[in-house]
Amino acid sequence: MTNSMGQPNRIGGNLPTPPSGWPIGSYPTYAEAQRAVDYLSDERFPVQDVTIVGVDLMQVERVLGRLTWGKVLAGGIASGAWLGLFIGLLLGMFTNNLVGPVIAAVIGGIVFGLISASIPYAATRGQRDFASTMQLVAGRYDVICDPKSAEQARDLLAKLAI
């Protein structure tokens, strides 16, 4: 963020900085790095001096399945019906008749769900006929520690490996 004079804003200087410290372990999965830090914690080590660093970051898109008009419309109907049911129940709490607002809201939710699901899918024009999730993963996870206590941490982690 800059101020009107073009100088950096010095207030709240919480800019991202690379982690610092000495390496005390390297693990192929986050679960193993987390296990190492948990072990240090169990051994009463000052874990506030420890950082887990993901190295060699990759963006991974995992394909869940093929999309068809049927699946897109069914998903829109389902999500719209749930939203409509929720809104209908909220509205029904303030009226003497619960059934009328719930039915109207569910129908409105289905219409809204169909529209909100079909327009984005139609806009892709068949260029993206699959569903997926995105993840950011690392090739390895290094555990680093403040230099003042790194040797003690390495000794403890050596016991974990035994």
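Select Lys148 to start: at 64% relative accessibility, Lys148 counts as exposed. This is a predicted model, so treat each stop as a computed one.

**Stop 1: the Lys148 network**

Lys148 forms a salt bridge with Asp146, and their closest N and O atoms are 3.5 Å apart. Asp146 is partly exposed, at 28% relative accessibility. Salt bridges with shared partners connect Asp49, Asp146 and Lys148 in one network. A search of the whole structure gives 5 salt bridges.

**Stop 2**

Select Asp56 and Arg140. Their salt bridge has its closest N and O atoms 3.7 Å apart. Asp56 sits in strand β2 and Arg140 in strand β3, 84 residues apart, and the pair links distant parts of the chain. Asp56 is exposed, with a relative accessible area of 52%. Arg140 has 32% and is partly exposed.

Move to Glu61 and Arg128. Here the closest N and O atoms of the salt bridge are 2.4 Å apart. Glu61 is in strand β2, while Arg128 is in the loop between α3 and β3, 67 residues away. Both ends are partly exposed: Glu61 at 34% relative accessibility, Arg128 at 35%.

**Stop 3: the sheet**

Show the strands. Three of them form an open sheet in the order β1-β3-β2, paired antiparallel. The edge strands are β1 (22–27) and β2 (50–66), each pairing on one side only. From one strand to the next, the twist averages 30 degrees.

Zoom in on β1 and β3 (residues 130–145). They run antiparallel, joined by 5 bridges. Pick Trp22: Cys145 in β3 stands opposite.

Next, display helix α1 (residues 30–42). Helix α1 packs on the sheet and touches β1, β2 and β3. Its direction makes about 145 degrees with that of β2. Then display helix α4 (residues 150–161), which lies across β1 and β3 and runs at about 25 degrees to β1.

**Stop 4: the nonpolar patch**

Switch to a surface view. Select Leu83, Phe86, Ile87, Leu90, Leu91, Met93, Phe94 and Phe112: together they make a nonpolar surface patch of about 850 Å². Which helix gives the most to the nonpolar patch? Helix α2 (residues 69–92) does, with 5 residues.

**Stop 5: Met93**

Is Met93 buried or exposed? Met93 counts as exposed because its relative accessibility is 58%, and the cut-off for exposed is over 50%. Finally, draw a C-alpha to C-alpha distance from Met93 to Glu43. The two are 50 residues apart in sequence and 54 Å apart in space.

Key
Residues are numbered from 1 along each chain as its sequence is written. This is a predicted model: local features need pLDDT of at least 70, side-chain atom pairs count only at pLDDT 80 or more; totals for chains, interfaces and linings use all residues. Side-chain values use heavy atoms; hydrogens and water are left out. Patches are made of residues with over 30% relative accessible area and no salt bridge: like charges are joined within 9 Å, nonpolar side chains (Val, Leu, Ile, Met, Phe, Trp, Tyr) within 5 Å. Accessible areas come from the Shrake-Rupley method with a 1.4 Å probe; for residues, only the protein chains shown count as cover. A salt bridge is a side-chain nitrogen of Lys or Arg within 4 Å of a carboxyl oxygen of Asp or Glu. Helices (H or I, at least four residues) and strands (E, at least two) are DSSP runs, numbered from the N terminus. Buried means under 20% relative accessible area, exposed over 50%, partly exposed in between (1.4 Å probe, protein chains only). Two strands pair if DSSP finds at least two bridges between them. Axes are lines fitted to C-alpha atoms, for helices over the stretch in contact, and angles run from 0 to 180 degrees between N-to-C directions. Contact means heavy atoms within 4.5 Å.
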